[in-house]
Each structure stands twice: as structure tokens, then as C-alpha cells.
Amino acid sequence: MTAQQPDYPRGSAPARLPLHSPRCMGCGPDNPAGLRMRAFRDGDEVNADVVFDEHHVGAPGLAHGGAVAAACDDLLGFALFVAETAAVTRSLSIEYLAPVPLHETHRITARIQAQDARRLNIAATGAGPDGTVRFTAEAVFIVVSLQHFLRHGDPDGVWRLLDRLTDGNADEALRTAAELPEHPQPGTEEGGWSS
Ligand SMILES: CCCCCCCCCCCCCCCC(=O)SCCNC(=O)CCNC(=O)[C@H](O)C(C)(C)COP(=O)(O)OP(=O)(O)OC[C@H]1O[C@@H](n2cnc3c(N)ncnc32)[C@H](O)[C@@H]1OP(=O)(O)O
């Protein structure tokens, strides 16, 4: 069985956030072993529902702790749309409060707690179907510019992501980014998504 995430419940009006990439382990619909989370922004919070399945087994019938951490890391990454900056996880700490059964929907909700220069503290909770919190996450993300992804990752993939984020203006965004430092200061022109 493959994870198929439920749509956001009716009656609410959150904004769907763009994928990190089609094959992202957390949110990519084209990754058959991924978590296929759909992330939404709701005010200053972001959230996604996750259903762990046979791809994510730890103890029989239960989600692997690493899969839970991956789900948290990915959703924490979506909080960067609230901060309007690119950043990467420097540290991630998970509290496993209760076992996480496969095939149950867990709602993960994340929020930025603090920002100090390049450092963002982001926290998340993961609740089971009855609302009981089964895991929490705390992370430090460090602001980076586009250069980080271009230098260390796949430039073509970055171009495609940027094209989606800038409504088809990736070339212009990349031209600008080529002149920027890899480690910008948040709140500056080079620290935002548009850099
Ligand atoms: C625009 C379009 C984008 C397009 C593209 C986007 C792609 C979007 C894909 C996202 C996907 C998401 C998925 C989930 C998010 C991942 O999973 S991200 C992947 C996992 N993380 C990584 O790969 C990061 C690897 N680490 C690194 O590259 C480097 O260590 C870092 C994080 C860039 C930092 O490098 P650095 O700047 O050389 O580090 P350093 O100078 O030691 O520290 C910087 C600052 O952070 C502070 N710091 C460091 N560690 C800590 C800590 N643990 N606690 C507190 N403070 C700390 C330092 O004190 C320092 O502070 P200041 O002195 O500047 O005030």
C-alpha cells in the first residue's frame, strides 16, 4: 500500500504550499517510497497530514522513528514560507511521546518560534486522529542563499523549483543570485525567497 495523503478538511481556507520537488521524500507525489505530504499555510502556521505506511515501518505496525523525523523535518522546512527565506536544517530534535501506528492520519503543525540573525528556531507537534500529541520536534534552521543549493545540489532541480516559485522567472532570479553570497543575512534583499 502507498501513502495517499487526505485532502485538507472542508470548511477551512488554508493556502496550499508548493512542493520542494516532485520526488522530495517528504512532499513529492512522484516518490513512491515518500511521505507525500501536502503542506498548507494557515496564518503563521504550516501544517500537513501524514499517514505512515509499509514503506515507513519500524516495529511491526508502527512508524519508524526516522520516518517520523523526516516528516517533521520536511514540514518544518515549509515554515520557511512564513519566514520568507531559504534555510536548511542544522539540528533537529524529536520527542517521541507515544507510538505512531501505521495507516492513521497524523496532523503535523509547525511554527517559527524565534529568529536571530541567520538562526531560526522552528517547532512542530504531531497529533493522532483524536488530537493527542504523539511527537514533537524542535529545530534550528540556518539561513542560506540560492548559492547553497546551486553549489551543493542539482542546479537543474533548483532551476525547476525556482521557476515554480517565481512564476516562470527562474532565469532572472538565478542571474541575480549568482552575484550573492552563500550566507546572506535574513531580512536583507539577498536573504529572501526572491534572491
Ligand atoms: C530561494 C529558493 C531556494 C531554492 C531551493 C530550495 C530547496 C528547498 C528544499 C528544502 C527541503 C526541505 C527539507 C527539510 C529541510 C532539510 O532537510 S535541509 C537538509 C539537511 N541540512 C543540511 O544539509 C545542512 C547542512 N549544513 C550546512 O550546509 C551548514 O552547516 C550550514 C547549516 C549552512 C551552516 O553553515 P555555516 O554558515 O558555515 O555554519 P556556522 O558559521 O557554523 O553557523 C552559522 C550560524 O548558525 C549558528 N548555529 C550553528 N549551529 C547551530 C545550532 N545547532 N544551534 C544554534 N545555532 C547554531 C552559528 O552560531 C552561526 O551563528 P552566527 O554566528 O552567524 O550568529
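1. Start with the ligand: 21 residues surround it, and the closest are Asp73, Thr89, Arg118, Arg119 and Ile142. A residue makes this list if one of its heavy atoms lies within 4 Å of the molecule. Keep in mind that this is a predicted model, where local features need pLDDT of at least 70 and side-chain atom pairs count only at pLDDT 80 or more, while totals for chains, interfaces and linings use all residues. Residues are numbered from 1 along each chain as its sequence is written, and side-chain values use heavy atoms, with hydrogens and water left out.

2. Now the polar contacts (pairs of N or O atoms within 3.5 Å). The side chain of Asp73 has an N or O atom 2.6 Å from an oxygen atom of the ligand. For Arg118, a side-chain N or O atom sits 2.8 Å from a ligand oxygen. Thr89 uses its backbone instead: an N or O atom there is 3.0 Å from a nitrogen atom of the ligand. On its own the ligand has 1,400 Å² of accessible area, and the protein covers 62% of that (Shrake-Rupley method, 1.4 Å probe).

3. Which elements give two or more residues to the shell around the ligand? They are helix H1 (65–78), strand E4 (87–96), strand E7 (133–143), H3 and H4. E4 gives the most, with four residues. Helices (H or I, at least four residues) and strands (E, at least two) are DSSP runs, numbered from the N terminus.

4. The buried residues of H5 (170–177) are Ala170, Ala173, Leu174 and Ala177. They span an arc of only 95° around the axis, so they are on the same side of H5; the arc is that of the directions from the helix axis to the C-beta atoms. Their cover includes H3 (146–152) and H4 (155–165), with contact meaning heavy atoms within 4.5 Å. Buried is under 20% relative accessible area, exposed over 50%, and partly exposed in between (1.4 Å probe, protein chains only).

5. Two loop residues deserve a look. His103, between E4 and strand E5 (105–116), has a positive phi near 65° without being a glycine, and is partly exposed at 39% relative accessible area. Asp167, in the loop between H4 and H5, also isn't a glycine but has a positive phi of about 55°; Asp167 is exposed, at 71%.

6. Last, Phe78 and Phe81: both are buried, with relative accessible areas of 1% for Phe78 and 15% for Phe81.

Notes:
A polar contact is a pair of N or O atoms within 3.5 Å; within protein, one must be able to donate a hydrogen and the other to accept it, and residues adjacent in sequence count only if both atoms are side-chain atoms.
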